Amino acid sequence: MAIKATGRGSYQRTRLTRYGFPRGYLMRQKKVQGFQTGDMVRAVVPTGTKAGTWLGRVAVRKTGSFNIQTSSGAIQGISHRHCVLTQRADGYGYHIQPNRRKEEGDRRNESR
């Protein structure tokens, strides 16, 4: 399992340029439909081009259409209605890595 520190969000609601001028605005609230960026969710999408079961970290949007970061990549535009919370955001990102196998050359040398 790989663990990465991601933080718990920011109070700052405006991104700034290097000169200090506003460059876009962030959402005024951190939670949308009971979800917060960083939560681990399971989304079961029954129909459409994104049909399937997705498990990963959610990034919320004000519209209720979320992005889910899975081990295979990001899935964009998943409705909050399809998402079920599996773990609240605690400031860390979790990812399960597959076991790495030793190379064939190492195995042959071990058997001797």
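Touching, or contact, means heavy atoms within 4.5 Å.

Quick word on what we're looking at: this is a predicted model, where local features need pLDDT of at least 70 and side-chain atom pairs count only at pLDDT 80 or more, while totals for chains, interfaces and linings use all residues. Residues are numbered from 1 along each chain as its sequence is written, and side-chain values use heavy atoms, with hydrogens and water left out.

Back to aspartate 39. You'll find it in the loop between β5 (35–36) and β6. Strands here are DSSP runs of E, at least two residues, and helices are runs of H or I, at least four, numbered from the N terminus. So is aspartate 39 buried or exposed? Buried, because its relative accessibility is 0%. The cut-offs are under 20% relative accessible area for buried, over 50% for exposed, and partly exposed in between, using a 1.4 Å probe and protein chains only. Also, a polar atom of the aspartate 39 side chain lies 2.9 Å from the backbone nitrogen of glutamine 36.

Now the inside. The largest nonpolar core has twelve residues, among them Val41, Val58, Phe66 and Ile68. A nonpolar core is a set of buried Ala, Val, Leu, Ile, Met, Phe, Trp, Tyr and Cys residues joined through side-chain atoms within 4.5 Å. Which strand gives this core its largest share? That's β6, with three residues. If you click on valine 41, its contacts beyond four places in sequence include Phe35, Trp54, Val58, Ile68 and Cys83.

Over to the outside, and isoleucine 3. This residue sits in strand β1 (residues 2–5), and it counts as exposed because its relative accessibility is 55%. Beyond its neighbours within four places in sequence, isoleucine 3 is in contact with Tyr92, Gly93 and Tyr94. The C-alpha atoms of isoleucine 3 and histidine 95 are 6.5 Å apart, although 92 residues separate them along the chain. Then there's isoleucine 96, in the loop between β11 (92–95) and α1 (104–111). Isoleucine 96 is exposed too, with a relative accessible area of 64%.

Methods: A polar contact is a pair of N or O atoms within 3.5 Å; within protein, one must be able to donate a hydrogen and the other to accept it, and residues adjacent in sequence count only if both atoms are side-chain atoms.
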